[in-house]
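Here is a friendly note to read alongside the model. Take a moment to look at the sequence and the structure before going through the points.

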Amino acid sequence: MTYAPSMLPPSGWYPDPYDPGLLRWWSGVEWTGYTYPVAPAAAPQEPRAPRKRRAPRKWLGRFGGWIIAGVSAGIWLWVFGFSFLLAAIAPHARDGGPSVVPTFLLLSGAATVAVALLYTMAYKLRPDDELSAPRLLLIGGVGGLAAALVAAPANALIDVVSGGTSAHPSELALLTAGVVEETVKLAAVLLLAMKLPVKDARIGLFVGGAVGIGFSVIENVGYLLDAFARGQEAGGNGIGYFIVVTIGRQLTGPFLHPVFSALVAAAVFAAAKEGRYRLSLGAVLAYLGVVAAHGGFDGFIGFMQNAPMPAAERGGLLLIFEFVFVVASGITWLLVAQHVRRTGRTATLGSGAAELAA
């Protein structure tokens, strides 16, 4: 193929008129035999979907509470196994020495479930709660200790005035324990949470539950020491009675003080407006319901322990009562928690007052 001189383009590489996949050298007069493959056009790349980032792992993970409880149980087995080994090697090594509760058994027996619950609560905190895990732990520890320091002497004074003893508390002291303890725990919650930037039903569940957990740990220490001493007075070494009471406190503990305080605090915080506490019907009903449940629980336990009936029958009735109470307490907390989850930050618990008082 040739072109008229006036129409001839300058020399260079041009698309090959014979093969569109090549470039051919034009000499300025005619096509030569030199060719070069056309570089393929880069295909447009589709934008990559952003890689889904995993949420950062927090501490021991979502099952950290179970891990804490499992480790504590494992150490219990280690302590008892080591004790049995020493008894086999040197059966009289402790003859003549005072019988005391091993430190780990006392502390873990009083606090294992509490620590597991606090861990789980701290793990569930969200950024919009504006409540850090250290602050929640501080509120639980300080609030529980302060409430126990006020409630213990108040309960003891009522018991003395009403004719009770350390071995047989008066029925009045048991019935009024709900008023005393729930009032001081609520006061601790309100004081320690006063500066929290977010006050709603969800935060109330967290803060109230934490103070209830702290209070129960202090209370458990007293119960376990008393159980060990009573076991020794009965002619044993005290450890058997100690273990029985430990198991009972660990199983019922999560459904007593933590639930009571969480429900009342949730109702009170739900009524707060612009960070200020306000009195509401839901809060009053929640407080009265929790006080009645708490006092009724303590009063029935005290009555049955002194009831004139065979020990086996009395123990069976107490076991049934505690089981029913624990189930009812757990269901009540679950209903309130679901109500708070459905309504979110706008929860007022006004419509849930009946649930709180149940």
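Which element gives the largest share of the lining of the second largest cavity? Point 5 comes back to this.

1. Some ground rules come before the details. This is a predicted model, in which local features need pLDDT of at least 70 and side-chain atom pairs count only at pLDDT 80 or more, while totals for chains, interfaces and linings use all residues. Residues are numbered from 1 along each chain as its sequence is written, and side-chain values use heavy atoms, with hydrogens and water left out.

2. Now the overall layout. The chain has 10 helices and three strands, taken as DSSP runs numbered from the N terminus (helices: H or I, at least four residues; strands: E, at least two). Along the sequence the order is β-β-β-α-α-α-α-α-α-α-α-α-α. Of the 358 residues, 39% are buried, that is, under 20% relative accessible area with a 1.4 Å probe, protein chains only.

3. Next, contacts and surface. Counting contacts (heavy atoms within 4.5 Å) with a separation of 6 or more, 65% are between residues 24 or more positions apart. The chain exposes about 21,200 Å², and carbon and sulfur atoms supply 68% of that area (Shrake-Rupley method, 1.4 Å probe).

4. The model holds two cavities of 30 Å³ or more. A cavity here is a set of points on a 1 Å grid over the protein atoms alone where a 1.4 Å probe fits but cannot get out, and its lining residues have an atom within 4 Å of a point; the volume is the space filled by probe spheres set on the points, which are joined across faces, edges and corners. The largest cavity has a volume of about 60 Å³. Its lining includes A110, L117, I213, N220 and R249. Helices α2 (103-123), α5 (201-233) and α6 (239-252) each give at least two lining residues, with the largest share, four residues, from α2. By class, the lining has seven nonpolar, four polar and one charged residues (nonpolar: Ala, Val, Leu, Ile, Met, Phe, Trp, Tyr, Cys and Pro; charged: Asp, Glu, Lys and Arg; polar: the others, Gly among them).

5. The second largest cavity holds about 30 Å³ of space. Its lining consists of E182, K185, L186, V189, S261, V264 and A265. Two or more of these residues come from each of α4 (171-192) and α7 (257-270). To settle the opening question, α4 gives the largest share, four residues. The lining divides into four nonpolar, one polar and two charged residues.

How values were computed:
On a 1 Å grid over the protein atoms alone, a cavity is a set of points where a 1.4 Å probe fits but cannot get out, and a pocket is an open set with protein on both sides within 12 Å along at least five of seven lines; lining residues have an atom within 4 Å of a point. Buried means under 20% relative accessible area, exposed over 50%, partly exposed in between (1.4 Å probe, protein chains only).
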